[in-house]
Amino acid sequence: FLHDGIFALLPLYNGYYSIVCSMPNEINNRLVEMTDNEFIDYINHILHSSSIVDTSHIGRLVRNNSNSYIQPPIIESIHSKRMTFPFKLQFVNDPVQNNCVVIGDSSHTIHPLAGQGLNLGLADSALLSNSIYNSVSIGGRINNKLMLDQLQKDCLLNTKGMISTMEIIKSMYQIDNYPFSIIRNLGMDIFNTSAFMKGFTSDIASGKFTIP
């Protein structure tokens with residue numbers, strides 16, 4: 001997380017990574033115009049530079065021996081063209097209308113932080129399948145209004161919950177304030193040492209648990 005955006009390495013295979021930079025347009029445009037060598041230097045600078053806010057003395061209070069820091073890789077070469085795509089947060093307020101149900105990316109687009117757009121689409125599919133199954137199991141038609149009304153509520157609850165969570169996390173790392181940064185980093189250290197919180201978050205992200 002950077003003060004002017006988000007940078008991520010998504011592991012692929014055999015030491016290859018997909019590099020994702022979510023920055024303001026002027027920064028993204030500069031990244032695209034860089035030569036490969038300039039871009040490699042930029043990436044390695046981000047990955048290996050020290051944090052502006054040093055909370056190591058606080059972190060030792062909450063870290064235990066089971067946690068270990070993994071050094072980021074050193075990027076040596078670029079194997080594909082750099083491309084830019086505009087990000088726009090939007091969602092459909094009424095995903096169910098006139099026997100038509102929109103799910104997945106046609107119903108919502110969110111910031112790709114943690115890759116939850118795909119999982120939201122899968123959750124939509126599961127909710128729609130359950131709605132159809134429940135309607136048929138009671139001898140009704142698949143467009144049973146009561147079931148579709150409940151489907152709409154469940155889809156919107158999941159979508160708005162995930163969008164709010166992603167936006168809060170993204171905003172937390174865009175606040176350039178030293179005291180806030182200390183509190184935020186301490187909170188993330190505590191979260192990282194909690195097996196319950198990490199497991200709970202993982203279940204939500206993987207679709208094992210949905211917002212009731």
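Axes here are lines fitted to C-alpha atoms, for helices over the stretch in contact, and angles run from 0 to 180 degrees between N-to-C directions. The views below show a predicted model.

**View 1. Helix 4 and helix 5 side by side.** The axes of helix 4 (residues 116-137) and helix 5 come within 10 Å and cross at roughly 165 degrees. Angles over 145 degrees count as roughly antiparallel, and helix 4 and helix 5 are therefore roughly antiparallel to each other. The crossing of helix 4 with helix 5 is right-handed.

**View 2. Helix 5 from end to end.** Helix 5 covers residues 145-172, 28 residues in total. From its first C-alpha to its last it reaches 40 Å, close to the 40 Å expected at 1.5 Å a residue. At the start of this helix, a side-chain oxygen of Asn-144 lies within 3.0 Å of the backbone nitrogen of Leu-146. Buried residues in helix 5 include Leu-148, Leu-151, Gln-152, Cys-155, Met-162 and Lys-170.

**View 3. The hairpin of strand 1 and strand 2.** Strand 1 (residues 6-11) and strand 2 (residues 17-22) run antiparallel and are joined by six bridges. Pro-11 has Tyr-17 of strand 2 as its bridge partner. Five residues separate the two strands of the hairpin.

**View 4. Two asparagines with positive phi.** Most residues other than glycine have a negative phi. Asn-14, in the loop between strand 1 and strand 2, has a phi near 50 degrees. Its relative accessibility is 71%, so Asn-14 counts as exposed. Asn-98 has a positive phi of about 50 degrees and sits in the loop between strand 4 (96-97) and strand 5 (100-101). Asn-98 counts as exposed because its relative accessibility is 76%.

Notes: Residues numbered from 1 in each chain as written. Predicted model: local features only at pLDDT ≥ 70, side-chain atom pairs only at ≥ 80, totals over all residues. Heavy atoms only, no water. Pairing = 2+ DSSP bridges. Helix = DSSP H or I, 4+ residues; strand = E, 2+ residues; numbered from the N terminus. Expected span 1.5 Å × (residues − 1). Buried < 20%, exposed > 50% of the residue type's maximum accessible area, 1.4 Å probe, protein only. Polar contact = N/O pair within 3.5 Å; in protein donor to acceptor, adjacent residues only side chain to side chain. Parallel < 35°, antiparallel > 145°, perpendicular 65-115°, else oblique. Left-handed = near helix turned anticlockwise from the far one by under 90°.
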